[in-house]
Amino acid sequence: MTDPNKNFRELPVIPLRGVSVFPNNVIHFDIGREKSIKALEEAMITEQTIFLVTQKDAEVDLPTPDDYYWIGTVAEIKQMLKMPGDIVRVLVEGVCRSEIREIIQESPYLRCSIEEMPDIISEEGEVKLKALTRTLVDTFEEYISMEGKIPQEVLASVDTIENPADMADAIISHMNVKTDVKQEVLECFDVVERVEKVIKILNDEIEILKIENDINKKVRGQINKNQKEYYLREQLRAIQEELGQDENVDEEVEEYLKKLKALKLPKKTHEKVETEIKRLYKIQISSAEGGVIRTYADWIVSLPWNKSTKDSLDLDKAEAILNEDHYGMEKVKERILEYLSVRQLSKDLKGPILCLVGPPGVGKTSIAKSVARAMNRKFARMSLGGVRDEAEIRGHRRTYIGSMPGRIISAIRDAESSNPVFLFDEIDKIGADYKGDPASALLEVLDPEQNKEFTDHFLEVPFDLSKVMFITTANTTDTIPRPLLDRMEVIEISSYTEEEKVQIAQRYLVPKKQKENGLTPEQIKFSESAIRDIINYYTRESGVRNLEREISNVCRKAARKIVQKKDGNINVTSKNLTGYLGRHRFLYDKIGEAPEIGMATGLAWTRVGGETLSIETTVMDGTGKLVLTGKLGDVMQESAKAGISYIRAMAEDLGVEGTFYKDKDIHIHIPEGAIPKDGPSAGITMCTSVISALTKTPVRNDLAMTGEITLRGKVLAVGGIKEKVLAAHRAGITKILLPKENERDIDDIPNNVRKKLEFVFMEDMSQVLKEALVKE
């Protein structure tokens, strides 16, 4: 039993979750626990008074005496309403502070002996309270104005409270603070201490509200009001800015550093990259610079710094692969096999830099892929045609958003190897403008002494390209800058001969097109004569691209016939070829039936192979004019004039009238006048044609010639001998006159062609005339 001389009472007790009740505070709450409902029912039966305490942890469903505070508030029950789901809503009004002195029972409901705790005010405190009360009201008014969620009527009602103790209780009950903070105020029995504590809490909350308002102002100044998602992101960023860091960045940086350590980079490179990555600690996660650094780190850790493929050094296997993929191209194959041979003897050999020069369609690009396969290396390719920006080679500097490494580093990353076969296609078509000169940037890439430390502008650290085997392709070396050409080993790839094209068609193109068009070798067959006719009469090229198209054209038409049941198996021959491809598109010159005066056969080189030139000369009475027709270029016109000067100087020895240049007009014409022609190769041919016309001496019809002439009659060397000889052979020529200096080029001519021709090597014009003119 309790002492009747003290303010002790026995009351049912309800522990509340997340709710604090103060004296003179009217509040409603819901209860659902069985013990709490029974305590409420007991209180309604007796005095309609109950003791309310607050749980320390709102998550505890069955609180023990250690789970709730022992100081609480005696409250008078004003109303009780049963809700769905066994929930009871209660409206109470706080009466006074009290403290549990003894727990009387815990079942079926909690009942305790409590002691009322009156407010304490000292004589000195009464004077101080007047000043504190004024400060309390002013501070609460500032809090309401900044918080924005408490109605102004609350301030008016608080202002009418005369008792400072009740005013402090009323203010703290309206504040949105944690229950443990409110409990501290509830446990303050000294009124002065209670008011000071509430003022301190108010000031703390005001400072927090100020920071929140600053954050909101920063966010609102940077975004559009309608961008809700962006607003939330910026608000988060501003909060992180106030905190000074982002927890996710730590994990991200650690992951980057872990990958960086695994790369085992050189010390200087490692330190440089590590410094860049650690800058993420100081940069906001959503900032533009942070994105650039992340992109940089991603590129660094994804590059194959120390990852490479092992070269296949089996020469027989490599040679078999090269021969399997390509017919001919002996110089390229020989150079690759030499490199593999040296690699077996020297492990530190730097990658060669080869430049394959030849006309379109001869297999320059495809042989590079075969080289990679033969060496067991990855293949990377970059087309330089039309490239004008230096950044395509060296990359963009990290000074703006969206900067990226150059295409060399990108291709190396995609190849996932530090020693791929790297093809620079169309290096002769590289350009330059105000953005820089890519050709100059390539000087570093293609220099074995420099590319060991190639530095991309984006990476800003050296990357070793010395293990890369660079192959470049070009149609001509004329447009390649000299310093760049000097760094490459040039391998000339000439036009395919007719025999080579036949072999390529039979071995590669016909099987390929049969498969592509769903045909079997039994369903369609090409005779050798049909392939030769396609080469000679339906294509005119140095490579085999058009040949491949025409074979595909035949296969498609054959497939249609087979599907329509018109034919079971098809044999394509020279006799039925026109039924598939139509009339002949090209005709080659054939030798004349008999020697003619003023008609000489020359040889010329074109991008699609060699051709014969029928040069006609007519001499007429006139005033010494020289007429040149057939769309001749400057060099060819100069060769004609040089030949005329030689004839004038040697007129007596040649049996020509000495005054022919005064009283004769000479007209030199080369047929197919719509086609431009140029070069020095026809010098001796035009001179022979003019001498034949002036002396009325026929020129052999089975003979062709090529060579440049000087004013003294010397015969100088020219290029394209292989292509010219093949053109002569195709036209039915049996004897060819060549400059003495071109005798070394005979080895390039296929043996089967060489055996059918007679070669005579000339040093001066008198020898040419001796062989070419038909003497009576």
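Me: How far is the sulfur of Cys96 from the closest cysteine sulfur, and what does that say about a bond?

Reply: This is a predicted model, and in it the sulfur of Cys96 sits 15 Å from the closest cysteine sulfur, the one in Cys112. A disulfide needs the two sulfur atoms within 2.5 Å. At 15 Å the pair is too far for a bond. Looking from the other end, the sulfur of Cys112 has Cys96 as its closest cysteine partner at 15 Å, again too far for a bond. The structure as a whole holds zero disulfides.

Me: What makes Cys96 and Cys112 count as buried or exposed?

Reply: The cut-off for buried is under 20% relative accessible area. Cys96 comes in at 13%, so Cys96 is buried. Cys112 has 0% relative accessibility, so Cys112 counts as buried too.

Me: Why is the bond from Ser107 to Pro108 worth a look, and where is Pro108?

Reply: That peptide bond is cis, with omega near 5 degrees. Most peptide bonds are trans. As for location, Pro108 is in the loop between strand E5 (87-105) and strand E6 (111-116).

Me: What is the phi of Gln48, and where is Gln48 found?

Reply: Gln48 has a phi near 55 degrees, which is positive in a residue other than glycine. Most residues other than glycine have a negative phi. You'll find Gln48 in the loop between helix H1 (34-45) and strand E3 (49-54).

Me: And what about Lys264, what is its phi and where is it found?

Reply: Lys264 isn't a glycine either, and its phi is positive, about 55 degrees. Its place is the loop between helix H8 (247-263) and helix H9 (267-278).

Me: Why is Gln48 called partly exposed, and why does Lys264 get its own label?

Reply: Exposed means over 50%, buried means under 20%, and partly exposed is in between. Gln48 has 35% relative accessibility, so Gln48 counts as partly exposed. Lys264 has 69%, so Lys264 counts as exposed.

Me: How do you know whether Gln183 is buried or exposed?

Reply: Gln183 has a relative accessibility of 2%, and with the cut-off at under 20%, Gln183 counts as buried. This residue lies in helix H5 (residues 179-186). Leaving aside neighbours within four places in sequence, Gln183 is in contact with Thr54, Tyr69 and Ile71.

Me: What about Ile353, buried or exposed, and what does Ile353 touch?

Reply: Ile353 counts as buried, because its relative accessibility is 6%. Its place is in strand E7 (residues 353-357). Not counting residues up to four places away in sequence, Ile353 touches Leu446, Asp447, Pro448, Phe470, Arg487, Met488 and Glu489.

Me: Why is helix H16 described as largely enclosed?

Reply: Helix H16 (residues 438-445) has eight residues and seven of them are buried, so the rest of the structure largely encloses this helix. The buried ones are Pro438, Ala439, Ala441, Leu442, Leu443, Glu444 and Val445. Their cover includes helix H14 (391-394), helix H15 (407-415), strand E9 (421-425), strand E10 (454-455), strand E12 (469-474) and helix H17 (482-486).

Me: Which residues meet where H19 packs on H20, and of what class are they?

Reply: From H19 come Ile534, Ile535 and Tyr538, and they meet Leu547, Glu550 and Ile551 in H20. By class, that contact has five nonpolar residues, no polar ones and one charged. Glu counts as charged, so Glu550 is the charged residue here.

Me: Why is H25 also called oblique, this time to H28?

Reply: Helix H25 (residues 683-695) and helix H28 (residues 765-772) pack at about 60 degrees, their axes 11 Å apart. Roughly parallel needs an angle under 35, and roughly perpendicular begins at 65. About 60 degrees lies between those two limits, so H25 is oblique to H28. This crossing is right-handed. In the contact, Ile684, Cys687, Thr688 and Ile691 of H25 meet Met765, Val768, Leu769 and Ala772 of H28. Those residues divide into seven nonpolar, one polar and no charged.

How values were computed
Residues numbered from 1 in each chain as written. Predicted model: local features only at pLDDT ≥ 70, side-chain atom pairs only at ≥ 80, totals over all residues. Heavy atoms only, no water. Contact = heavy atoms within 4.5 Å. Helix = DSSP H or I, 4+ residues; strand = E, 2+ residues; numbered from the N terminus. Buried < 20%, exposed > 50% of the residue type's maximum accessible area, 1.4 Å probe, protein only. Axes fitted to C-alpha atoms, helices over the stretch in contact; angles between N-to-C directions. Parallel < 35°, antiparallel > 145°, perpendicular 65-115°, else oblique. Left-handed = near helix turned anticlockwise from the far one by under 90°.
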